[in-house]
Amino acid sequence: MSVPLASAFPLTGTLDQLKKQNAEWARRMEERYPGFFAWTSKAQHPRVLWIGCSDSRVPESVIMNCFPGQIFTHRNIAGIVKLDDPNSMSVITYAVAELGVEHIVVVGHTNCGGAAVCLAEDAHDKMHAFNPQKAAHEYAPKDARETVTWPPPAPLDTWLADLRALAESLPEPRSVLELVKANVREQVLNVINSDVVRSHWYTPTGKGHLKGVHGWLYQLDNGLIQDLECSVYASSPHPFPHGHPLSESVHEA
Ligand SMILES: [Zn+2]
């Protein structure tokens with residue numbers, strides 16, 4: 001390619017550049033689909049909830065070639081779902097109980113920085129590099145500095161604790177790809193164990209709409225989705241009389 005990549009994709013430009021691109025996008029959308037914004041401004045009817053990583057290279061609506069309004073989204077570092085996290089639980093609850101999505105996809109991606117840091121030998125130091133409290137350490141009250149709990153854990157350190165534990169449970173040699181796949185399966189389990197999902201599975205006579213929870217991998221090097229084949233469907237036995245349906249495959253390669 002003769003054009004430098006940075007010039008071909010000037011997304012690191014100024015905010016003015018971004019505003020221009022937005023105006024151009026809105027103009028082209030209205031030109032190609034007259035009335036689109038008037039229509040979508042009234043309501044949303046997404047049939048899919050996407051749970052994925054915050055990585056800028058995995059923008060769900062772009063890579064799935066979707067219009068605004070088609071995918072309800074929750075993204076965070078490494079695409080983690082915690083049953084005690086009000087953020088992810090609020091999103092899942094609204095998507096399932098209010099919007100009535102039919103499918104939830106948990107999507108990991110290759111070369112995930114959140115997974116990579118969990119495998120790094122200096123993981124602890126790296127995570128503390130993001131600790132805003134550490135920078136303020138020298139300004140802390142003398143009493144606070146002398147305690148063993150100062151500085152408090154870095155947010156990223158806390159957020160990735162479960163993923164670090166999952167990494168340590170994997171057989172050697174550990175790779176980022178295997179950890180990403182294991183993480184997707186783990187998050188599928190967390191999703192199906194949430195109260196709102198347990199109570200909103202589709203039945204022909206019931207009010208639930210949810211038909212399946214799925215685990216995917218997005219491949220940065222070719223732009224394609226790989227199905228990790230760990231789906232759980234409404235037709236799976238519930239509650240799970242033999243344990244969780246994925247329990248034996250969670251740590252598979
Ligand atoms: Zn990532």
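Modeller: Happy to; we can go from the overall fold to the annotated site and then to some backbone details. Keep in mind that this is a predicted model.

Colleague: Good to know. How many helices and strands are in the chain?

Modeller: The chain has 13 helices and six strands. It runs to 253 residues, and 24% of them count as buried.

Colleague: And what share of the contacts join residues at least 24 apart?

Modeller: Taking contacts between residues at least 6 apart in sequence, 66% join residues at least 24 apart.

Colleague: Let's talk about the inside. How many residues has the largest nonpolar core, and which have the most contacts inside it?

Modeller: That core has 41 residues, and Leu49, Ile104, Val106, Val188 and Val191 have the most contacts inside it. Strands E1 (48-53), E3 (103-109) and E4 (212-219) each supply at least two of its residues, and so do helices H5 (86-99), H6 (113-119), H11 (161-169) and H12 (176-192).

Colleague: Which element gives the most to this core?

Modeller: H12 does, with eight residues.

Colleague: Pick one of those core residues for me. What is Ile104 in contact with?

Modeller: If you leave aside neighbours within four places in sequence, Ile104 is in contact with Leu49, Ile51, Val191 and Val213.

Colleague: Now the strands. Which way do E1 and E2 run, and how many bridges join them?

Modeller: They run parallel, with six bridges joining E1 to E2.

Colleague: What about E1 and E3?

Modeller: That pair is also in the parallel sense, over five bridges. Val48 stands opposite His103 in E3, and Gly52 stands opposite Val107 in E3.

Colleague: And how do E3 and E4 pair?

Modeller: In the parallel sense too, over seven bridges. For instance, Val106 has Gly215 as its bridge partner in E4.

Colleague: Is E1 enclosed or open, and why?

Modeller: Five of the six residues of E1 are buried, so that strand is largely enclosed by the rest of the structure. E3 is likewise largely enclosed, because six of its seven residues are buried.

Colleague: Switching topic: which residues does the UniProt "binding site" annotation cover?

Modeller: According to the unreviewed UniProt entry, the annotation covers Cys53, Asp55, His109 and Cys112. They span 60 residues in sequence, but no two of their C-alpha atoms are more than 8.9 Å apart, so they gather at one spot.

Colleague: Let's take the cysteines in turn. Where is Cys53, in a strand or a loop?

Modeller: Cys53 sits in strand E1. It counts as buried because it has 23 C-beta neighbours inside 10 Å, and the cut-off for buried is 20 or more.

Colleague: What does Cys53 touch?

Modeller: Not counting residues up to four places away in sequence, its contacts include two other annotated residues, His109 and Cys112. Among the rest are Val58, Arg75, Ile77 and Ala78.

Colleague: And where is Cys112?

Modeller: Cys112 is in the loop between E3 and H6. This residue is buried as well, with 26 other C-beta atoms within 10 Å. Again setting aside residues up to four places away in sequence, Cys112 touches Cys53, Asp55, Ala78, Val176 and Val180.

Colleague: Which other residue has a positive phi although it is not a glycine?

Modeller: Asn111 is one, with a phi of about 55°. Its place is in the loop between E3 and H6. Asn111 has 14 C-beta neighbours inside 10 Å and so counts as partly exposed.

Colleague: Last one: where is there a cis peptide bond?

Modeller: A cis peptide bond joins Glu172 and Pro173, with omega at about -10°. Pro173 is in the loop between H11 and H12. For context, most peptide bonds are trans.

Colleague: Great, thanks for the tour!

Terms used. Residues numbered from 1 in each chain as written. Predicted model: local features only at pLDDT ≥ 70, side-chain atom pairs only at ≥ 80, totals over all residues. Helix = DSSP H or I, 4+ residues; strand = E, 2+ residues; numbered from the N terminus. Buried ≥ 20, exposed ≤ 12 C-beta atoms within 10 Å, placed from the backbone. Contact = placed C-beta atoms within 7 Å. Core = buried A, V, L, I, M, F, W, Y, C linked by C-beta atoms within 7 Å. UniProt positions renumbered as here; feature names shortened; annotations may be inferred. Pairing = 2+ DSSP bridges.
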